[in-house]
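Please keep the sequence and the model in view while reading.

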Amino acid sequence: MKRTFRLDKLVRNGKFLDMLDQGQEVDQIRLEGKELRAALGRKVLEEAGEIDPEAADFLKEVADTQQALNDLAASRGYTPEDIERRRKTEAARWGSFESGIFVKTVTLDAESHWATYYADHPDRFPQVTGHKE
């Protein structure tokens with residue numbers, strides 16, 4: 001008796017060949033263009049979601065995420081070197097995340113650019129009610 005599972009996910013070419021070598025029946029399509037870029041974007045999120053900073057496989061999951069990022073960037077014509085140059089520019093301007101500053105809330109003028117930005121993305125930045133104005 002066989003079982004079928006819906007994966008609906010992008011897999012590495014070597015993983016696909018391994019599936020075939022194991023005798024698995026694989027229903028697959030080849031993505032290109034915008035569809036491939038969208039799938040790569042989802043793959044980045046999937047791989048990043050598997051990172052557990054305390055797990056033994058931490059480095060593997062970071063590497064998987066980096067591979068998905070590199071492939072996504074390549075699909076737009078960028079190289080890892082392009083990304084590194086941009087990372088350095090952003091770090092020089094804004095710093096890094098390693099200091100651990102975690103902003104819980106921010107109160108700002110309702111007419112500011114940032115207030116508009118936050119309000120336009122309520123799923124990411126819900127407005128806190130009952131806070132001092």
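Q: Why is threonine 65 called buried?
A: Buried means under 20% relative accessible area, exposed means over 50%, and partly exposed lies in between, with a 1.4 Å probe and protein chains only. Threonine 65 has a relative accessibility of 9%, so this residue counts as buried. The model is a predicted one, in which local features need pLDDT of at least 70 and side-chain atom pairs count only at pLDDT 80 or more, while totals for chains, interfaces and linings use all residues. Residues are numbered from 1 along each chain as its sequence is written, and side-chain values use heavy atoms, with hydrogens and water left out.

Q: Where is threonine 65 placed, and what is it in contact with, leaving aside its neighbours within four places in sequence?
A: Threonine 65 is placed in helix α3, where helices (H or I, at least four residues) and strands (E, at least two) are DSSP runs numbered from the N terminus. Contact means heavy atoms within 4.5 Å, and, once neighbours within four places in sequence are left aside, threonine 65 is in contact with Val44, Glu47, Ala48 and Ile51.

Q: What makes α2 and α3 roughly antiparallel?
A: Axes are lines fitted to C-alpha atoms, for helices over the stretch in contact, and angles run from 0 to 180 degrees between N-to-C directions. Angles under 35 degrees count as roughly parallel, over 145 as roughly antiparallel, 65 to 115 as roughly perpendicular, and the rest as oblique. The axes of helix α2 (residues 33–49) and helix α3 (residues 58–75) come within 9 Å and cross at roughly 165 degrees, and the two helices are therefore roughly antiparallel to each other.

Q: Which residues of α2 and α3 meet, and how many of each class are there?
A: In α2 the residues include Arg37, Leu40 and Lys43, and in α3 they include Glu61, Asp64 and Thr65. By class, this contact of α2 with α3 has six nonpolar, three polar and six charged residues, where Ala, Val, Leu, Ile, Met, Phe, Trp, Tyr, Cys and Pro count as nonpolar, Asp, Glu, Lys and Arg as charged, and the others, Gly among them, as polar.

Q: What makes the meeting of aspartate 64 and arginine 12 a salt bridge?
A: A salt bridge is a side-chain nitrogen of Lys or Arg within 4 Å of a carboxyl oxygen of Asp or Glu. The side chains of aspartate 64 and arginine 12 meet at 2.8 Å, N to O, and form a salt bridge. Aspartate 64 lies in helix α3 and arginine 12 in the segment before α1 (13–21), so the pair ties together parts that are 52 residues apart in sequence.

Q: Are aspartate 64 and arginine 12 buried or partly exposed?
A: Aspartate 64 has a relative accessible area of 12% and is therefore buried, whereas arginine 12, with 45%, is partly exposed.

Q: What are the labels of glutamate 61 and lysine 60, whose side chains meet in a salt bridge?
A: The side chains of glutamate 61 and lysine 60 meet at 3.7 Å, N to O. Glutamate 61 counts as buried at 6% relative accessibility, and lysine 60 counts as partly exposed at 46%.

Q: Why is lysine 43 called buried, and which residues are linked with it in a network?
A: Lysine 43 has a relative accessibility of 12%, so it counts as buried. Lys9, Lys43, Glu46 and Glu47 are linked in a network of salt bridges.
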